[in-house]
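Good morning, and thank you for coming.

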Amino acid sequence: MRTVAVVGASLAGLSAARSLRKRGYDGRLVVIGDEPHRPYDRPPLSKEFLAGAIGEADLALERDDEDLRAEWVLGVRATGLDRTERAIRLADGREIRADGVVIATGAAARTLPGTEGLAGVHALRTLDDARALRDELARGGRLVVIGGGFIGAEVASTAYALGLEVTVIEAAPTPLAGPLGEAMGGIVSALHTDHGVQLLCGVGVKGLSGERRVDAVLLEDGRSVPADTVVVGVGARPCVEWLQGSGVALDNGVKCGADGRTSLAGVVAVGDCANWYDPHTGIHRRVEHWTGALERPDAAVATLLAHGATEPGAPRPAYFWSDQYGVKIQFVGHAAGADSVTVEEGTTDDRSFLAVYRRAGRPVAVLGMNQPRLFTRWRKQFTAAAS
Amino acid sequence: MIPACRLADLPRGEAHRLDIDPPVSVFHTDDGELFAIDDTCTHQDASLADGWLEGCEVECPLHASKFDLRTGAVDAPPAKLPVRTHEVVVEDGTVYVRLSTEAPNLPPCIASRLAGGPA
């Protein structure tokens, strides 16, 4: 293999590039990114960076002394993959030929149709998004967050700490019921009301009002919530449009095997855009967690360098964290399919506890609130049992 | 030298945190070796004593950066800087730590909080 192109320059792309060099790949390495920035860390964008506690230099993922001997093609989008020419087409007309391709194009924030061009309406996915939102929050006033998921909840928490008047609107009856289940979703999202942040659940958003700038969020039940700033946190969609017609099979992102291989030889996919087969559950899962973007590229790169002749090891169970209102929330495993949840340590009222999700008596997930030590022990056991 | 704990009170696979400023932790590995490093992850305010000890590495309990107990080096993001290592001495069943004289690599949120405060 003489040229490998990594399409996507965030954590998954960087991890793939690092893994290529660590595994002895010595050929040409091209990293393509649609943002103009070198790889940066996204989790702080809704937390410490948004709060102004850390700056842009702190977000850099590369070490100062790190040299991957890569050509960085930044600020330009990939628009196509030509399987016969084995080339990546770029938005500026360039083509990059590569024997091996790592697809790491991530996901983009979903938006509300019809809100484009209205000032004061923000999504949060990129550094540029975070800069714009940070400047807006500095004006104070009333913030309405549409979506009670993790991004929305973290933005609400940060804005609350900055002194804004915050309302969170969630279409489902309970926020975070998907990742955490109904019971624990209710407990974790009660952090909002603990702090006097208004939480409106079970009501959809009909639209936004305002001429040039948003002034209110209109709800489907007829209510209107005044807003100086609106953050739309309604999930993300995988960035795979550029692969239409390329021969790479798409199904909720890039459809991958348990080792990241796609339907095309010499092409693997990693990170938020990749829908990996999960051997634990026998289904495909598109995992949008930071740790997946960090850990899985190594398996995909091993597959790429071995021309597909690898035995995939069991991936570590999905792990994610969130920080809200000074509480550390940690979760490992999958809540879906659990038939019971029990609090094993602490109490939910104190927002300091550890809960274990079980299916037929077997642990399938663990949630910790402000219990990093105990959670880590459970995560260790849990991971050992899964491998 | 600072006394940390009795060796008998620190089983293999466990860590003991010294609440000094900045905190330092002593790790007793499964192979029976003792190491001391700065307790705070260089990325964010997390206690490495709460982390995941495996071999001669400890993984931060929050964000998965792993630190080599022998050298302090970090293997993976989000942390980018090493932790300091400190000398460990065992005398008469007591574990002592001889603190490094280097400057610690504290995470930006803590470093900014400490700036201007007493060293």
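Predicted model: local features only at pLDDT ≥ 70, side-chain atom pairs only at ≥ 80, totals over all residues.

**Domains, sheets and contacts**

I begin with an annotation from the UniProt record: in an unreviewed entry, "domain: Reductase C-terminal" covers residues 319-385 of chain A. UniProt positions are given here in the numbering used for this structure, feature names are shortened, and annotations may be inferred rather than shown by experiment. Over residues 319-385 of chain A, the chain is 21% helix and 55% strand, with the end C-alpha atoms 15 Å apart. Helices (H or I, at least four residues) and strands (E, at least two) are DSSP runs, numbered from the N terminus.

Residues are numbered from 1 along each chain as its sequence is written, and chains are lettered from A and ligands numbered from 1 in the order in which they are written.

The unreviewed UniProt entry also lists residues 3-294 of chain A for "domain: FAD/NAD(P)-binding". That span is 22% helix and 29% strand, and its end C-alpha atoms lie 22 Å apart.

How is chain A divided into domains? Domain 1 takes 3-108 + 237-305, domain 2 takes 111-234, and domain 3 takes 326-386; these bounds come from an automatic or database domain assignment. Between the C-alpha centres of domain 1 and domain 3 of chain A the distance is 30 Å.

Let us turn to the sheets. Strands of a sheet pair through backbone hydrogen bonds, either parallel or antiparallel. Here, two strands are said to pair if DSSP finds at least two bridges between them.

One open sheet of chain A has three strands in the order S4-S5-S6, with antiparallel pairing. Its edge strands, each pairing on one side only, are S4 (78-82) and S6 (95-97) of chain A. On average, neighbouring strands of this sheet are turned by 20° against each other, direction ignored. Strand S5 (residues 87-90) of chain A is joined to S6(A) by three bridges, and Arg89(A) has Glu95(A) in S6(A) as its bridge partner.

Another open sheet of three strands in chain A has the order S18-S20-S21, and here the pairing is mixed. At the edges are S18 (254-256) and S21 (283-286) of chain A, each of which pairs on one side only. The antiparallel pair of S20 (residues 274-278) and S21 in chain A is held by four bridges. Within this pair, Tyr277(A) stands opposite His284(A), and Asp278(A) has Ile283(A) as its bridge partner. S20(A) and S21(A) form a hairpin with four residues between them, and Gly282(A) in the turn has a positive phi of about 75°.

Next, a helix pair. H1 (residues 11-22) and H8 (residues 290-305) of chain A pack at an angle of about 35°, their axes 8 Å apart. Axes are lines fitted to C-alpha atoms, for helices over the stretch in contact, and angles run from 0 to 180 degrees between N-to-C directions. Among the residues making the contact are Leu11(A) and Ala12(A) of H1(A), and Trp290(A) and Ala293(A) of H8(A).

Two backbone details deserve a word. Most residues other than glycine have a negative phi, and most peptide bonds are trans. Arg69(A), however, has a positive phi near 50°, and it is found in the loop between helix H3 (56-59) and strand S3 (71-74) of chain A. In chain B, a cis peptide bond joins Asp21(B) and Pro22(B), with omega about -5°. Pro22(B) is in the loop between strands S2 (14-18) and S3 (24-28) of chain B.

Finally, how many residues of chain B are in contact with chain A? There are 13, and they meet 15 residues of chain A, where contact requires C-beta atoms, placed from the backbone, to lie within 7 Å.

Definitions and conventions:
Contact = placed C-beta atoms within 7 Å.
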